[in-house]
Amino acid sequence: VKASNSLSFSLQAKMSRPVQARRLEGIDKNIWVEFVKLAATYSKVNLGQGFPDFPAPDFLTEAFTRALSGGNHMLHQYTRAFGHLPLVKVLAQFFEKLLGRDLDPMTNVMVTVGAYQALFCCFQALVDEGDEVIIIEPFFDCYEPMVKMAGGTPVFVPLRPNPPKDGKLMSSADWQLDPAELASKFSERTKAIVLNSPNNPLGKVFSRRELELIAELCVKHDVLCISDEVYEWLVYDGKQHIRIASLQGMWDRTVIIGSAGKTFSATGWKVGWVVGPNRLLQHLRTVHQNSVYHCATIAQEAVAQGFQRELMLYGKPESYFVQLPKELQQKRDWLVQSLDDVGMKPIIPEGTYFLVADISQFKSDVPDVPNSDEAYDYRFAKWMVKNKGLAAIPLSAFYSEAHKNNYTNFIRFCFAKEEATLKAANDILQKWKQEKNS
């Protein structure tokens with residue numbers, strides 16, 4: 001009887017202690033879960049999430065097919081935990097060219113499960129309880145929760161818009177840091193600053209002057225720089241992407257993050273990397289080996305072959321890194337024209353997949369929701385996908401709680417799409433314009 005009673009009690013007993021780790025408090029919500037579901041349910045045209053709907057280049061998919069069906073059965077097994085040898089070797093060669101310094105593929109390069117895991121390794125390895133991490137707003141939304149999960153405190157500094165006086169469309173270059181405001185955020189508690197150039201969501205490409213300002217402050221205060229450069233090849237209008245690690249005093253304190261997904265238009269492969277000094281990467285390797293341990297061997301092999309091709313064609317017109325930004329600049333210009341024509345004022349991006357547009361003139365289209373404190377850009381994006389079939393992302397999702405109410409008149413579109421997708425988006429916008437005017 002005793003045995004059956006104790007069994008009955010154990011079956012009925014519920015855990016009363018909290019099961020959630022404290023580091024997860026307040027970071028359980030994720031905009032992508034909500035808006036991906038909305039887009040899947042309602043959208044005819046999805047310009048929300050940042051992935052191309054055009055194919056990856058033939059040379060890359062052919063390399064994957066060769067790796068998959070070739071005679072090397074070891075490509076189906078584990079490879080080196082910190083990066084498949086052919087990939088780390090070619091990445092080291094490539095970045096030697098870009099940074100003008102010798103790199104050791106075994107200690108200066110590590111391959112990760114996309115740039116996302118690279119970021120996670122950085123924060124877990126380099127940020128301690130009580131450390132402050134400066135984040136420039138608007139920011140890719142995972143930076144804040146990742147800093148908090150590491151026990152750090154995010155400190156935010158916004159890019160401030162300075163609209164041109166001549167009535168021209170604003171550019172992402174018109175969003176700038178206030179040097180005094182930035183300097184005021186550095187203190188003895190500051191461990192790192194996160195730099196994202198070209199920036200998602202704005203498409204801003206930080207100028208040499210802006211990067212030198214950040215570099216001077218990092219050196220002065222002995223601060224690390226986590227440099228998210230996944231859009232490094234996607235720069236338009238003859239602009240130049242400058243790598244902050246190449247500036248004086250910065251190599252030794254910078255971790256560069258890259259992405260094969262953005263570089264080769266294959267976001268689902270989830271191959272990323274970090275490049276930096278061994279004194280930093282040795283700690284990232286500890287996090288990596290105790291979390292994912294290893295990335296897909298075949299994907300790494302194919303990416304290695306893609307980089308070997310690009311190394312031979314470096315700077316030549318037939319290089320994919322030369323061709324892709326030309327194609328995307330045309331797509332950007334097409335979407336700029338479509339949005340401008342219907343009264344959404346686009347901010348012309350200097351880089352990335354993304355374009356932010358001002359939706360101030362559409363407030364009369366979107367009905368108020370009684371007793372709702374939801375921001376206008378959220379209401380607008382939800383209303384637009386449900387009523388017009390066009391998906392985009394509210395810009396205030398890329399801001400901290402303290403600042404998001406200042407930036408609720410903008411939404412972000414992705415223009416890395418097939419011509420047919422952009423044409424379908426234009427058709428929706430034109431029909432909407434006719435309805436407004438009738």
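On a 1 Å grid over the protein atoms alone, a pocket is an open set of points with protein on both sides within 12 Å along at least five of seven lines, while a cavity is a set where a 1.4 Å probe fits but cannot get out; lining residues have an atom within 4 Å of a point. A volume is the space filled by probe spheres set on the points, which are joined across faces, edges and corners.

You're looking at a predicted model, where local features need pLDDT of at least 70, side-chain atom pairs count only at pLDDT 80 or more, and totals for chains, interfaces and linings use all residues. Residues are numbered from 1 along each chain as its sequence is written, and side-chain values use heavy atoms, leaving out hydrogens and water.

Start by selecting Lys29, Asn30, Tyr378, Glu401 and Lys404: of the 30 residues lining the largest pocket, these lie nearest its centre. About 960 Å³ of space is here. Because domain 1 (23–55 + 320–437) and domain 2 (58–313) both contribute to the lining, this pocket lies between them; the domain bounds come from an automatic or database assignment.

Next, pick Gly50, Tyr116, Phe140, Lys262 and Lys270, which lie nearest the centre of the second largest pocket. Its space comes to about 550 Å³.

Finally, go to Phe35, Ala39, Ala391, Ala392 and Ile393, nearest the centre of the largest cavity. This cavity has a volume of about 80 Å³, and the structure holds 3 cavities of 30 Å³ or more.
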